[in-house]
Amino acid sequence: MKEPVKIDLNLVKAHGLTEEEFERIKRILGREPNFTELGIFSVMWSEHCSYKSSKPTLKKFPTEGERVLVKAGEENAGVVDIGDNLAVVFKMESHNHPSAVEPYQGAATGVGGIIRDIFTMGARPIAIMDSLRFGSLNDPKSRYFLRGVVGGIAFYGNCIGIPTVGGETFFDESYRGNPLVNVLCVGIVKKDMIVKARARGVGNTIFYVGSSTGRDGLGGASFASREITEESHEDRPAVQIGDPFMEKLLLEATLELIKSGVVVGMQDMGAAGLTSSTVETASRGNCGVEIDISLVPRREEGMIPYEVMLSESQERMLVIVKKGMENEAKRIFEKWDLYAIPIGKVTSDGIFRIKDKDRPVAEIPVRSLTEDAPVYLRKRVKPAYLDEVSYLDVDTLPRPDDFNQVLIKMLTSPNIASKEWIWEQYDHMVGINTVVLPGSDAAVLRVKGTKKALALSCDGNGRYCFLDPYEGGKIAVAEAARNVVCVGATPIAITNCLNFGTPTDPEIFWQFTRCVEGMAEACQYLGTPVTGGNVSFYNENPTGAIDPTPVVGMLGLIENTDLICTPWFKEEGDLIVLIGDGKISLGGSEYLYLIHGLKKGRPPELNLSKEKALYDVCLKAIGKGLIKSAHDVSEGGIATSVVESCIINEEKFMGARIDLKNLEKEGERDDLLLFGEVQSCIVASCSPQNIDSLEKIAREKNIGFRLLGEVTGKELIIEKNGKKLISQNTANLYKLWREALSLKLR
Amino acid sequence: MKFGVIVFPGSNCDYDCYYVIKRVIGESVDFIWHKSSNLKGYDCIVLPGGFSYGDYLRTGAIARFSPIMKEVIEFSKNGGLVIGICNGFQVLLEAGLLPGAMRKNRDLLFICRYVYVRVENSDTPFTRLFHKGQVLHIPVAHFEGNYYIDPQSLSRLKMNNQVVFRYCSKDGEVADEFNPNGSVYAIAGICNERGNVLGMMPHPERCSESILGSEDGKLIWQSIVKSINERLAKE
């Protein structure tokens, strides 16, 4: 690349900056920026790095809590206290745009990036989870995306040796051409070993560590701040290439380095690479930094400073080391065969100064790139489509006459079918902590050396959010919390990825704001503060924006690993009950979409006080050993939930005999009772002698408690007042459910 | 008695093996860095799973050239016990300590799941606490676990009783549908002629505690301990 001679407005616009923003840059510098400086401003002021559109809205999230040790936005990931002098560091991040252009590497480097955010805080990563969205699998492009993304996650996670313990995958036409790849990483650290991403102590040395710098990923942050277009594949050079082996070395070396006590602060070179890591650590530490760019190791000839500063080559980090301890740091990195080169030092004047040997390259006040970056209050308008889609006249829906057929269609829908094809490609057991494997409501990881375990779940229903962003936002939090409750964990905090269309579109921005408000209300009520996450705007393809898709990553804590619950039925003769009493609805349901081709109606109502009470009941029942299985009712309704409890455990299928007569007050339509969706409800099983004690706990909390039937040997029979609606062999259902996804991909 | 777990820079089951040996089995164990060249004082060497040196070329292809592998070969020649698990098995093949080679899985996908394997030979120092035909519930996690050996060498393996584990059903039946990766003769683990080097694709360290869903792997560690104790008693 050659430096352009003159900075003109076209060049400014090509960098995604507006005319006003350019004027602002000139005022800050008191002169015209040079090319390198223009590049630095463009990435630091990009949506991706600056959160310029979302910042004011994100303030609505509750971020405080007695367990919160590092709040959202303070560092690269949130930190919560789990007792025993241990803390959990966790965060979720999107890699949507790179994955849309190059699914394998896009997803792989998404995994790499979030892992670095965790271990640079001193934590050993113990699990990855991911939340994925694709268009319909009937489209070959969506199949290509799915194979690529799953392959990329597997490649990276398996090699580095951090278990990918599940997540969720959802298919809907709105994600056609714009898949979503959200990756959550969780790590554990001793409370007194948490490392901050801060540059402190004038004169301390700044080390560049890890891979050399190339032209890959040039300007990735600004690339992620644009819509996906027909030409986006030309942006392939903006997607980085992952090297999990290098990252494994970085991970081990970093943790060893922290133990040695020489580290002041460190940060991953993620989006906007060397630029953001130096600027952000300086900004948090309220200081300045000076680096000599000629010292940066390069993998290509003739790179100009602009390219070095904006490269997003992977597996690189910035480490600030105590003055006088440089040799100890070098020794550890050399053991792991890693580059570790001092490239600069911490200064006191609040200026970000880049030199190329003796030649000054750039000089910018640090804060102008971070705290003082532009923030916009975007216009928002209630979308016109909402009035039309929210009305659903249930009476006009034809009634299916063969519910066996409907059930099979539902179970083989990729949204409900087993996701085994996906998570079997992930090493989900390495680390020997995975106590509840993928495929349950939540994954459970023990914390070695304690009686504790962590429960993890990802959730977010874009269809609900499309129909009612506020309720959809609330439901995303509640469903994720309910999932961890089902395994016996208390929900303690969330991270999130907020995936939306273009924020300058007032209707999109309305969706965004309402979703955040809904999530904030649920987080407040359920006592799960937001500890971090990210925002991904510009998720549009040539046919329009994706459904608004906030994804919640929920962290739950289990105090005693002897009291973990699983979703599958255990024994013949056990009774099956529905605990909770949300109102069953067809609005926004998978049944409505799959069988009737409609994305309409209102999502099921969510009453937060009922939801909270359900958690109390469920956790108390698990704590007292009264229930043997607990499974959330979500996509596909009660029938689906019951079937899953029969077949999730492939070692031992069970049957069930269900009578829907106790649900009749919900409505007379059989399809509603079977496949309608509902909030704040779980399907549980217990031995007959415990049913009274269980009911008593539910009644005390004023929570609905309805007997559905009993666990049997091999057959699933669902009837209503003696009329048989469904009769199926569960081993058969298992086969259909398990193979559906891989058959679609053949 | 002392175990040593070899740590290649890309090993990732090293901690797991270490944890199980120390905390579950209760024996003494050290990590041994791949650049080291001293195996004095160890009774059993574990080559753990992972991606030794990234394995971008071929699994285990670089690891065999590391300084420590020379020592491991020497160690095995002197009768020391060596167990290679997953990537460790691949390294043993590349190093020529065991015959055969690994190909990519039949379905060309990484596969991580619980499988069943049948003990074919309970006469090795690693399997003496099992009985022949016993079925283990044990996880696999690999992309290249499709074991290949030419027919002649296979007959030799069989003749010498070197096939230690074969993939099977819950009831011990060997058939193609229970073979997760397409391995020849459904082979999941083999030993050398002398019986002191074992390579296996399934992960015993992942099923040595009841909290993880299966304890079937524990008997492998305990077999090793018993064998070493007997030998030490003789010495």
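User: In this predicted model, which strands does helix α3 (residues 87–94) of chain B lie across, and at what angle does α3 run to β4(B)?

Analyst: Helix α3 of chain B lies across β3 (44–47), β4 (81–85) and β11 (197–200) of chain B. The angle to β4(B) is about 115 degrees.

User: Why is α22(A) called roughly antiparallel to α25(A)?

Analyst: Helix α22 (residues 608–623) and helix α25 (residues 691–700) of chain A pack at an angle of about 150 degrees, their axes being 9 Å apart. Angles over 145 degrees count as roughly antiparallel, and α22(A) is therefore roughly antiparallel to α25(A). The crossing of α22(A) past α25(A) is right-handed.

User: What makes the contact of α22(A) with α25(A), and how do its residues divide by class?

Analyst: From α22(A) come A:Val617, A:Lys620 and A:Ala621, and from α25(A) come A:Leu694, A:Ile697 and A:Ala698. Five of these residues are nonpolar, none is polar and one is charged. Val, Ala, Leu and Ile count as nonpolar, whereas Lys counts as charged.

User: Why do β2 and β7 of chain B stand at the edges of the sheet?

Analyst: The nine strands of this open sheet have the order β2-β1-β3-β4-β11-β10-β9-β6-β7 (chain B), with mixed pairing. β2 (28–33) and β7 each have a single partner strand, so one side of each lacks a neighbour in the sheet.

User: How do you know that β6(B) and β9(B) count as paired?

Analyst: Pairing requires at least two bridges. Strands β6(B) and β9 (residues 163–168) of chain B have four, in the antiparallel sense. B:Val119 stands opposite B:Phe165 of β9(B).

Notes:
Residues are numbered from 1 along each chain as its sequence is written. Chains are lettered from A and ligands numbered from 1 in the order in which they are written. This is a predicted model: local features need pLDDT of at least 70, side-chain atom pairs count only at pLDDT 80 or more; totals for chains, interfaces and linings use all residues. Axes are lines fitted to C-alpha atoms, for helices over the stretch in contact, and angles run from 0 to 180 degrees between N-to-C directions. Helices (H or I, at least four residues) and strands (E, at least two) are DSSP runs, numbered from the N terminus. Angles under 35 degrees count as roughly parallel, over 145 as roughly antiparallel, 65 to 115 as roughly perpendicular and the rest as oblique. A crossing is left-handed if the near helix is turned anticlockwise from the far one by less than a right angle, and right-handed if clockwise. Two residues are in contact if their C-beta atoms, placed from the backbone, lie within 7 Å.
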